[in-house]
Amino acid sequence: LFRLLMFYWIMTFGFWPRSMRPLFAFAFLCMGAEGVELRGDDSDFSSWFARFLSPSVREMDLNLEQLRERASPLPQADPANRSDSYGFLSKRFDSAEEEFWLEVDLLEEQEIDMVALFPVMVPDFSLRGNGFPVRFKIEALSEDRKRSFVIAEEVEADYPNPISYPYVANCEDEVEGRFIRLTSLKHWRPNRRWSIALSEFMVVSEGRNIAANCSVKAIEGGAFRTPHWGLDKLTDSQTPLGPPTIPGQSPSNGFLGEHANEVNETKWVQVDLGALFEIDQIRMLPSRPNPIAGHAGIGFPSQFRVELSEEEDFNNPIVVFKTGETDFPNPGDNPVTFNVGGAIARYARCTALKLYDWEDHFSFSLGELQVYAKSENVALGKNVKASDVSPKSVSPYWSLEGLVDGYNGRAKLIELPEWLKGLDERRSLEEQIEALALQRAAKADQVVEIGVSAISAGVGFLAIGFMVTLIRNRRERRRSFESLRKQIARDLHDDIGSNLGGIALISESALEESGLSEYVREDFKRINAIATASDESMRDIVWLIRDNDGALDKLVSKLRETANSVLGDIELTFTVEPETLPKASLSLEARRHVYFAFKESLHNIRKHSEATRVRISIMIGASRRQLRFEIEDDGKGFDPSVVDSGYGLENLRMRSESLNGDCEVSSSPGKGTKVIFSASLKS
């Protein structure tokens with residue numbers, strides 16, 4: 001039908017000479033083939049034109065669609081640093097082949113099903129996959145170290161940077177061992193020296209990560225230690241990819257106790273497994289609630305105790321884990337795993353000893369509690385009891401049943417082997433999609449050129465010249481902005497961001513070296529500060545460029561995240577009105593001015609105010625076209641009539657005026673400062 005309509009248009013309204021219209025219309029009808037359709041995902045006319053002319057391009061499109069359909073239900077890499085644990089970072093080596101190994105001690109010989117190595121992804125330094133060994137092998141050693149089994153070898157060619165996906169090695173044959181050793185035969189080179197970095201080392205047996213919390217040893221002097229890096233971080237179950245999930249709408253956020261007024265109020269929740277089981281592992285998954293903006297891990301206790309018991313009252317419990325006086329690091333949405341070792345129990349309990357500090361109250365929540373007997377989660381769907389439960393009228397998205405429903409509050413949980421295999425399969429599919437897309441683009445360009453040449457020979461230079469101009473203009477108009485935006489974001493993030501991150505990491509490592517003069521140390525500090533500040537500014541620009549839909553809720557989440565980051569240890573109260581944000585899309589110009597005005601106000605507080613408390617209110621007008629933020633601090637204040645340009649007040653007013661808004665700054669010495677910024681949002 002489409003070709004018939006085009007035939008009628010060419011014969012009636014064509015721009016070419018009337019005598020040539022029948023020839024051109026006939027050629028247009030004859031060049032088509034069966035199965036041609038105008039697809040909604042064709043990016044421009046030339047792409048559709050290539051499909052129209054070439055069966056091979058249509059076949060490639062069909063293959064691409066099938067590959068994407070195969071990938072859609074699989075686990076997806078969502079790289080983000082979700083906890084304070086970055087992983088393991090080696091010392092710097094003088095050569096690519098300098099001896100290096102590390103090994104995990106499983107305490108006893110066990111059967112190994114698979115081994116997974118997770119690359120490092122640290123957003124503060126824009127590190128994604130950097131430090132992954134280029135050539136390496138993985139072995140299982142017996143308890144007496146006299147027998148070894150090679151699990152995986154990547155020695156024939158350099159292994160490419162895995163970026164966001166783990167390296168997964170499946171044991172095809174029966175493999176047993178106590179020590180799992182990784183030997184790097186060729187290291188990663190960021191500059192003039194070499195290093196190794198990994199975020200997590202998993203060893204899977206019977207569906208469980210048996211390496212969780214196991215000790216790790218490396219060649220003497222091979223580890224770089226900071227609060228974020230260390231050998232112990234390699235087996236703490238904290239990965240940049242979060243919990244093992246697949247897409248799926250969660251029926252609840254999980255379990256939430258009643259809000260408390262005291263941080264040390266004790267609360268507990270327990271699961272009745274229904275019968276006695278030989279327990280091998282317990283996993284606590286933090287909640288990641290959907291309706292609440294902000295980071296994951298909300299409600300996870302700072303101090304807690306995990307117990308097992310044969311009796312419901314826990315008179316003689318088996319203490320699996322108990323925190324000390326130091327607060328347990330918030331794991332984000334990563335599972336917290338405890339190997340139990342075969343204890344007999346029917347009940348599993350988690351007791352919160354120090355609650356999560358949630359603005360003006362304290363809370364205890366979990367997204368899921370899993371109890372494993374061998375490879376089975378025997379807690380799934382079982383009965384749950386708690387010391388108290390948040391009322392439905394206050395928190396309608398939480399429930400006792402949500403603790404064992406198979407979801408973490410955001411997505412459907414799956415077993416670890418299925419997750420690792422799914423990630424590995426998605427990585428392979430995405431590589432195929434990328435290669436096929438490049439092949440398709442090259443073929444489409446070739447087909448378009450041949451088609452244009454054929455039409456030109458049949459209908460004359462003038463007509464085909466018009467069509468070529470039309471095709472190329474439309475193609476360039478539609479591709480230019482999207483291509484430029486993606487290229488700029490990619491270059492900034494992957495090249496400049498990686499380089500700045502490398503500079504910051506190298507300078508931070510250099511400061512750990514002994515024997516540096518104060519002059520050199522100050523230089524390294526300045527280098528680190530400049531690289532970190534530049535990387536922060538670059539990431540803000542990348543965020544603005546990449547935010548395709550300009551959603552209002554994304555902007556508010558970014559403002560909250562920036563406030564927490566910039567203000568640091570200053571007490572912060574952050575409110576949003578209304579609580580449920582309307583669905584609205586903002587222009588790039590509006591987002592840019594609002595975000596940078598907001599950030600500049602925060603930096604003024606951080607640099608000049610000496611404040612201890614800050615209150616931030618974000619208000620969205622009922623028409624969805626008005627946004628106002630108020631930032632008030634209790635700092636030393638200033639006299640606006642004599643303030644110098646360092647406060648950037650003129651910049652704030654210019655930004656508000658650019659959005660048809662207003663900016664009011666009120667302050668006086670000793671009485672703090674209040675900034676009210678309003679803007680008209682163009683959707």
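Author: Strand S9, residues 200–205, is mostly covered, with six of its six residues buried. Buried here means under 20% relative accessible area, exposed means over 50%, and partly exposed is in between, with a 1.4 Å probe and protein chains only. Strands are DSSP runs of E with at least two residues, helices are runs of H or I with at least four, and both are numbered from the N terminus. Before going further, a caveat: this is a predicted model, where local features need pLDDT of at least 70 and side-chain atom pairs count only at pLDDT 80 or more, while totals for chains, interfaces and linings use all residues. Residues are numbered from 1 along each chain as its sequence is written, and side-chain values use heavy atoms, with hydrogens and water left out.

Back to S9. Both of its faces are covered: Glu200, Met202 and Val204 are buried on one side, and Phe201, Val203 and Ser205 are buried on the other. As for partners, S2 and S9 run antiparallel and are joined by five bridges; two strands count as paired if DSSP finds at least two bridges between them. Across from Glu200 in S9 you'll find Phe118. S9 is also joined to strand S10 (residues 208–209), by two bridges and again antiparallel, and here Val204 stands opposite Asn209 in S10. The hairpin of S9 and S10 has two residues between the strands, and Glu206 takes a positive phi near 55 degrees in it.

Most residues other than glycine have a negative phi, and most peptide bonds are trans. Ile163 is not a glycine, yet its phi is positive, about 55 degrees. Ile163 sits in the loop between S6 and strand S7 (167–186) and is partly exposed, at 38% relative accessibility. Asn660 also has a positive phi, near 55 degrees. Look for Asn660 in the loop between helix H10 (649–658) and strand S29 (662–667); at 60% relative accessibility, Asn660 counts as exposed. Pro578 falls in the loop between strand S26 (571–577) and helix H9 (588–609).

Now for the charged pairs. The structure holds 31 salt bridges, each one a side-chain nitrogen of Lys or Arg within 4 Å of a carboxyl oxygen of Asp or Glu. One of them takes us back to S2, the partner of S9: Arg147 forms a salt bridge with Glu109, with the closest N and O atoms 3.2 Å apart. This pair links distant parts of the chain, 38 residues apart, with Glu109 in strand S2 (residues 101–118) and Arg147 in the loop between strand S5 (135–141) and strand S6 (148–154). Arg147 is partly exposed at 39% relative accessibility, and Glu109 is partly exposed too, at 29%.

Glu431 and Arg427 are separated by about one helical turn because they are four residues apart in helix H5 (residues 416–459). Arg427 is buried, with a relative accessible area of 18%, whereas Glu431 is partly exposed at 45%.

Then there's a linked set: Arg615, Arg628, Glu630, Glu632 and Lys674 form a network of salt bridges. Inside it, the side chains of Glu630 and Arg628 meet at 3.2 Å, N to O. Glu630 counts as buried at 10% relative accessibility, while Arg628 is partly exposed at 34%.

Last stop: Thr562, in helix H8 (residues 552–567). Thr562 is buried, with a relative accessible area of 6%. Leaving out residues up to four places away in sequence, Thr562 touches Tyr595, Lys599 and Leu602, where contact means heavy atoms within 4.5 Å. With Tyr595 there is also a side-chain polar contact of 3.3 Å. A polar contact is a pair of N or O atoms within 3.5 Å; within protein, one must be able to donate a hydrogen and the other to accept it, and residues adjacent in sequence count only if both atoms are side-chain atoms.
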